[in-house]
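Please read it alongside the sequence and the coordinates.

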Amino acid sequence: MPFFSKIIKPLLALTLAAAVLGAQGCTKDSKPAEPSAPAPTAAAAQPAAKPGEPRTIALSVTDKGYEPSPVTLKQGEPVKLVLTRTTDHTCATEIVLEDYNINTPLPLNKPVEVAFTPTKTGKLVYGCAMGKMISGVFMVE
């Protein structure tokens, strides 16, 4: 019985430690997306920018990640992202866009502006500083 106790107790302690640490890390809704109509993009929801002004796009960081995503952008059109993190239950406490040297902190419940101009077409993935465990997508046309 002492041998059994020496194995079970450490395993239970490790399991409990992993559960506690896992609850403190990144969170993201793990439900698979239902194949329905394509997700609306911010391109359809946002009005066109006035000439000479960047297009403004509002993004939120929620328990589900960066929303909305994907967002359609135009190559060469300046954009101003207004990001608001509304949860503390995420590792997405900043936005990282390596291709544009952007790594901007996102304080809780405070809008933060990030401006850039997409230079390449295609899929542009942005996310948290933990290897983009929580991420969003810009589709640049």
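In this predicted model, R85 belongs to strand β4, which spans residues 79–85.

**R85**
- R85 counts as buried because its relative accessibility is 7%, and the cut-off for buried is under 20%.
- A polar atom of the R85 side chain lies 3.0 Å from the backbone oxygen of T87.
- Leaving aside residues up to four places away in sequence, R85 is in contact with V61, T90, A92, T93, L106, P107, L108 and N109.

**Strand β4**
- Five of the seven residues of β4 are buried, so the strand is largely enclosed by the rest of the structure.
- In a regular strand, side chains alternate between the two faces of the sheet.

**Pairing of β4 with β1**
- Strand β1 (residues 55–62) runs parallel to β4, and seven bridges join the two.
- I57 has L81 in β4 as its bridge partner.
- A58 stands opposite V82 in β4.

**Pairing of β4 with β7**
- The pairing between β4 and β7 is antiparallel and extends over five bridges.
- K80 has A115 in β7 as its bridge partner.

**The sheet**
- The open sheet consists of four strands in the order β2-β1-β4-β7, with mixed pairing.
- Strands β2 (65–67) and β7 (112–116) are at the edges, each with a single partner strand, so one side of each has no neighbour in the sheet.
- From one strand to the next, the twist averages 25°.

**The largest nonpolar core**
- This core has 25 residues, of which Y66, L81, I95, F116 and F138 touch the most other members.
- The elements contributing two or more residues to the core are β1, β3 (71–73), β4, β5 (94–97), β7, β8 (122–127) and β9 (135–140).

Conventions:
Residues numbered from 1 in each chain as written. Predicted model: local features only at pLDDT ≥ 70, side-chain atom pairs only at ≥ 80, totals over all residues. Heavy atoms only, no water. Buried < 20%, exposed > 50% of the residue type's maximum accessible area, 1.4 Å probe, protein only. Polar contact = N/O pair within 3.5 Å; in protein donor to acceptor, adjacent residues only side chain to side chain. Contact = heavy atoms within 4.5 Å. Pairing = 2+ DSSP bridges. Axes fitted to C-alpha atoms, helices over the stretch in contact; angles between N-to-C directions. Core = buried A, V, L, I, M, F, W, Y, C linked by side-chain atoms within 4.5 Å.
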